[in-house]
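Subject: Structure handover

Hi,

Here is the structure I promised to pass on. Please open it, then read the notes below.

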Amino acid sequence: MQRLQAVLTNWLKILPTLVLGLAVSAAAASDFNLPTLGDSSSSLMSREQEHQLGRAWLSMLRGAVPTLDDPLLKEFVEENVLGLAETSQLTDRRLAFVVLDSPQLNAFAAPGGVVGVNAGLFLHAHTEAEFASVMAHELAHLSQRHFIRNLEQQQRMRIPVMTAMLASVILAAAGGGDAGFAALASTQAAAIQEQRRFSRQNELEADRIGLTNLHRAGYDPQAMPEMFERLARISRFSQTPPEFLLTHPVSQTRIADSRNRAAQLEGGNRRDSLHYQMMRARVQLHYEQSPGLAAQRFRALLDEREGDHAAARYGLALALIRSGQYDEAAKVLDPLMESHAGSVPVQLARIELDVAQGRSTQALERIDRQLAVHPGNYPLMAAKADTLMRTRQYQAAERVIDELAARRSDDSDVWYIAAEIRGLAGNILGVHLARAEYFMLAGDLDQAGQQLELAKKRAGDNFVMSSRITARQEDLARKREVIKSF
């Protein structure tokens with residue numbers, strides 16, 4: 001908690017000058033560049049500057065609040081949103097994602113293409129289409145640059161407003177309600193109150209554009225009003241509404257408007273998928289008090305259904321594995337292995353069971369067979385690196401994690417694991433390099449610099465490696481200079 005408060009304190013100190021620099025440099029740039037027609041917000045902040053701000057803020061968020069490192073969940077969020085982005089009005093599709101480890105309902109889109117979700121969204125969105133409706137709404141906020149447009153309307157207080165908005169997301173992600181954080185943000189209270197909610201016009205615009213995007217992506221547009229109605233019920237019966245309902249208040253007007261618009265859209269019948277329901281089961285298991293209690297709940301779901309509830313069976317199998325009931329888990333998994341053999345989550349559940357039972361050779365063979373069908377798959381490669389590490393095949397694990405890090409160079413979780421594996425493999429130089437990447441992505445530039453210095457000493461007279469390290473030091477220096485110049 002103290003570390004989180006310190007990070008937020010530093011962010012609140014840095015961000016006003018960061019934003020001021022972005023605004024000033026944007027104004028200076030406008031003297032030499034023609035404005036973008038139809039996008040007056042670019043005169044306040046260019047898309048590239050907005051991108052820089054978003055990435056700087058994301059690194060601070062990663063270092064401040066717990067995130068989920070579940071490869072399956074992360075991959076689902078990324079693929080779902082990227083799929084929606086393909087049919088959206090978003091022109092700058094350099095998106096970055098973060099899944100926060102919180103059961104509370106929340107989703108947000110920050111400047112520069114940062115898309116975040118609390119794991120709790122999976123608990124509240126009962127179908128994939130409902131989940132997609134929330135993400136389509138957030139993408140609409142990005143495509144219409146609502147954040148910057150709000151600043152344009154309130155230029156006199158743009159610095160405290162932007163500071164407060166970004167800080168409030170960190171506060172909300174941290175759980176909110178803590179007296180220490182309330183005091184810490186007291187100087188931002190007026191700005192937070194001013195900017196906490198998007199304007200009604202922006203919300204309606206995001207609904208309209210998001211609904212159209214949802215339909216274009218093939219989803220049933222009725223999922224949006226259905227999700228709104230569920231959110232309205234939550235708000236009605238809760239004394240402390242989730243953060244999402246504070247920033248996106250749901251009214252009967254919005255519900256009726258979205259339902260009317262959805263009724264006018266023909267086609268689009270995609271509502272749900274087993275894959276999504278399996279992701280919900282993973283989140284439900286994660287937040288249950290114990291695997292044993294989760295197993296009871298998933299078993300009750302199976303008993304309620306006349307047919308086979310594959311997602312509940314999947315959740316039950318995972319709960320049994322994690323509670324050490326391996327034989328029972330195998331019996332529960334067998335029907336899924338027969339009916340859904342092509343499902344990566346199902347295969348990974350079997351792999352998890354094999355590893356738990358000490359059958360690592362079989363697990364690795366199964367992973368390789370799946371990778372032949374799904375080359376480069378993030379969850380499968382992560383499982384392979386983990387299995388090789390558990391069986392002390394450190395050099396082989398290092399090769400896998402290095403390939404994964406090359407594919408996901410902006411993933412702090414991958415670099416964290418890479419540092420661990422490289423250490424076990426005896427690659428101390430590689431440890432320092434991986435830690436440097438991790439700290440850069442987590443917003444700790446001082447630690448990143450220290451790790452690069454240690455790496456350079458280890459590299460010695462290796463000219464190629466020293467040159468690579470020097471290049472990263474120059475990248476780090478540029479990051480520092482950008483912030484200092486602001």
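In which strand is the place of Val 99? Val 99 sits in strand E1, residues 96–100. Keep in mind that this is a predicted model.

Val 99 has a relative accessible area of 6%. The cut-off for buried is under 20%, so Val 99 counts as buried. What does Val 99 touch, leaving aside its neighbours within four places in sequence? Its contacts are Thr 67, Leu 68, Lys 74, Val 77, Val 117 and Ala 119. Asp 69 is 30 residues away from Val 99 along the chain, yet their C-alpha atoms are 8.1 Å apart.

Next, the rings. There are 8 aromatic pairs. One of them joins Phe 131 and Tyr 276. Their centres are 5.6 Å apart, and the planes make an angle of 50 degrees, a tilted pair. Phe 131 belongs to helix H5 (residues 128–143) and Tyr 276 to helix H14 (residues 274–287), so the pair ties together parts 145 residues apart in sequence. Both residues, Phe 131 and Tyr 276, are buried. Ring pairs also link them with Phe 76 and Phe 122 in a cluster.

Last, two helices. The axes of H22 (residues 412–424) and H23 (residues 428–441) come within 8 Å and cross at roughly 160 degrees. That makes H22 roughly antiparallel to H23. Their crossing is left-handed. Residues in the contact include Trp 415 and Tyr 416 of H22, and Leu 433 and Tyr 438 of H23. By type, the contact residues are 9 nonpolar, 3 polar and 3 charged.

Best wishes

Technical notes: Residues are numbered from 1 along each chain as its sequence is written. This is a predicted model: local features need pLDDT of at least 70, side-chain atom pairs count only at pLDDT 80 or more; totals for chains, interfaces and linings use all residues. Side-chain values use heavy atoms; hydrogens and water are left out. Axes are lines fitted to C-alpha atoms, for helices over the stretch in contact, and angles run from 0 to 180 degrees between N-to-C directions. Helices (H or I, at least four residues) and strands (E, at least two) are DSSP runs, numbered from the N terminus. Angles under 35 degrees count as roughly parallel, over 145 as roughly antiparallel, 65 to 115 as roughly perpendicular and the rest as oblique. A crossing is left-handed if the near helix is turned anticlockwise from the far one by less than a right angle, and right-handed if clockwise. Contact means heavy atoms within 4.5 Å. Ala, Val, Leu, Ile, Met, Phe, Trp, Tyr, Cys and Pro count as nonpolar, Asp, Glu, Lys and Arg as charged, and the others, Gly among them, as polar. Buried means under 20% relative accessible area, exposed over 50%, partly exposed in between (1.4 Å probe, protein chains only). Rings of Phe, Tyr and Trp (its six-membered ring) pair if their centres lie within 6.5 Å; planes under 30 degrees apart count as stacked, over 60 as edge-to-face and the rest as tilted.
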